[in-house]
Structure formats: C-alpha cells, structure tokens
Amino acid sequence: QNSNANADAMTALLGSDVLLTKDGERPTSEVLAGKVTLLYFSAHWCPPCRGFTPKLAELYNTMKASGRDDFEFIFVSSDRDQEAFDEYHAEMPWLALPVENRKAKAALSSMFDVSGIPSLVVVDAEGNTINKSARGPAGSADAAETFPWHPKPMEDISEGVECNGFDINEKAAIVVLSDGMADTAAVRAELLGVAEDIAAKGKEAEDKEPEFICFFASSSEGPVGQVRKLTKQPETAGANPTLLILDIPDNGGYYVSPATEVNGATVRSFLEAYRAGSLERQQMGR
C-alpha cells in the first residue's frame, strides 16, 4: 500500500502519468516505485548542458553497474521542438518527461525555482525534496558513493558555489578564504560549528531555509580566484584567513571582517554586526 502511495505521489509531483523510457512510454508509478529520483533540467541548445550530460551519463552508468536499483534520473527538457529533444535524449541512458508536456515542465521549474540550466534536483520516493541544488555534488569525485547528496551545512568553495540546497546567487554566504593556510582543519572545524547552527535554525524557520550558506576555501582552484577579484582581495592568498559575507542577492554587496583569526566567536560577532546593519557594505566589481 505504501509503495502505491509513493508511486502516486511521484505521478502527482511530475504532473505526468507516463515517462519516456528507451522502450517507449511506461507508467510513472511503475518506473519510479520506491526510487530516489534525480530531475535533470537541461536542453540541447545549452552549451554548458551539452558539456555536463556525458559526465552525468558516466555517473548514472557507474551507479547502475554497481547493482543499485534504488534510483532513477529523468530528463526535464527545455528543448524547443521534438527533433532536438529526440536527438538529445538519445545521448542519455535515463528516462524523460515527454517534451510535449510543457505544463508539467513549467510547473516543475517553478516548484524548484529553476532559473538556469543545467539544474539538478533530487527527490525521495515520496516526492520530498532532498537537494534542489545538486549540480555541485553531482560533479564531485565521490558522487556515486554519496548520492542522493543530502545538503551539507558547509562546502569547499574551490569545488563549487552550492551549499545546503542553495547556490551563492540565491542566498547570502559566509566565506572563509583559507586557501593560503598550511593547515585549514581548525578553521574548518570552527566554521562548521557555526554552519551547523545556521542549518539547524533554518530547518525550524517558517520558510525552512538557512539564513546563510557557508564556505571555506581549501585551495585557490575553481571560483576562489573570482571571489578574490570581485571582493578586491589580494590575488595571492596570505597566511591568515579572510572572513567575508557575500550578499550577491543584494545586488552584489559584500562585507569584509577585520578579524585575522577565524573561530566560532569571530564569525558569530561578524554575523551579529551584519544583522545589526553596522558593517560597511562594499560593492562587488569586475
């Protein structure tokens, strides 16, 4: 009975009684029964999508080859016609929402706040959201082992800009640039304590969202150079960490802490000053 209810929940969530498999259309309730599902919002006309799809296909095939049958991926297409959809879906080993079901696609994009592609959303067998910003973890080296990628309260910004189900363009972010430090373990442990508190309060909040997302930088790879540039920090990392708040949703505002030591107390007092409006707002620049 429970699996039937779960299958019905997935049919309702997707807004489609059928999904397109490699063997034609099959009932949604049948192919997704008891499975964690990844929704892949993508399109053939989108170059970043075309670059990402082969990597995602490799991950999917690796997970299936390991004997797992507790998950499924679904292509949710923004292609403009059937021909483009067919050509692109042919490159994918997973299911698809029929491209003609525009209403279902629009509802899903709205439900999960999909504003750009590629976007990845993971839901459980009952249709509850596990991670609505899963592109980062999908690209990580341990993606197959850590799926379904439950959001973490803190992430390494040198590996990506998503954390706790949001990305840095959607939510104010605490960032510790620790990429010049010989050993980041202590700073990471201190920041993690704050990050876990923020995540726990977010779950209790009315909108179920964290006030901030939290990042450290283990190296100068990935987006770290861009963060340094936008916040007018030295190009080369110093021995001391730099504590920032990036408020990109506020038209690219940012705040720099004068603290040369990053610990739970300095991060919390920085946040209190931010909330009180007593910090000097600076404007990101190219």
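Biologist: In this predicted model, how many residues of β4 are buried?

Modeller: Seven of the seven residues of β4 are buried, so the strand is largely enclosed by the rest of the structure. Phe71, Phe73, Phe75 and Ser77 point one way from β4, while Glu72, Ile74 and Val76 point the other way, and all of these are buried.

Biologist: Which strand is joined to β4 by seven bridges, and how do the two run?

Modeller: As a general idea, strands of a sheet pair through backbone hydrogen bonds, and they do so either parallel or antiparallel. Here the partner is β3, which is joined to β4 by seven bridges and runs parallel to it; within this pair, serine 42 stands opposite serine 77 of β4.

Biologist: How should I read a helix such as α3, and which of its residues are buried?

Modeller: An α-helix has 3.6 residues a turn, so residues three or four places apart point the same way. In α3, the buried residues are Cys49, Phe52, Thr53, Leu56, Ala57, Leu59, Tyr60 and Met63, and they pack against the strands β3 (36-42), β4 (71-77) and β6 (119-123) as well as the helices α4 (82-89), α6 (135-138) and α7 (143-146).

Biologist: What span should α3 have, and where does the helix bend?

Modeller: At 1.5 Å a residue, the 19 residues of α3 (residues 47-65) should span 27 Å, and the end C-alpha atoms are 28 Å apart, which agrees. After α3 comes glycine 67, whose phi is positive, near 100°.

Biologist: Which cysteines are joined by a disulfide?

Modeller: A disulfide is a covalent bond between the sulfur atoms of two cysteines. With a cut-off of 2.5 Å between sulfur atoms, the count comes to one disulfide, which joins cysteine 46 to cysteine 49 at an S to S distance of 2.5 Å. The torsion about this S-S bond is about 80°, so the disulfide is right-handed. Cysteine 46 counts as buried because its relative accessibility is 4%, and cysteine 49 likewise counts as buried, at 0%.

Biologist: Where does that leave cysteine 163, and how far away is the nearest cysteine sulfur?

Modeller: Cysteine 163 is in no disulfide, and the nearest cysteine sulfur, that of cysteine 214, is 6.1 Å away. For cysteine 214, too, the closest cysteine sulfur is that of cysteine 163, and 6.1 Å is too far for a bond. Cysteine 163 counts as buried at 2% relative accessibility, and cysteine 214 is buried with a relative accessible area of 0%.

Biologist: In what order do the six strands of the open sheet stand?

Modeller: The order is β8-β12-β11-β13-β14-β15, and the pairing is mixed. At the edges stand β8 (154-156) and β15 (282-283), each with a single partner strand, so one side of each is left without a neighbour in the sheet. Strand β11 (residues 173-177) runs parallel to β12 (residues 213-216), and four bridges join the two; valine 176 stands opposite phenylalanine 216 in β12.

Technical notes. Residues are numbered from 1 along each chain as its sequence is written. This is a predicted model: local features need pLDDT of at least 70, side-chain atom pairs count only at pLDDT 80 or more; totals for chains, interfaces and linings use all residues. Side-chain values use heavy atoms; hydrogens and water are left out. Two strands pair if DSSP finds at least two bridges between them. The expected span of a helix is 1.5 Å times one less than its number of residues. Buried means under 20% relative accessible area, exposed over 50%, partly exposed in between (1.4 Å probe, protein chains only). Contact means heavy atoms within 4.5 Å.
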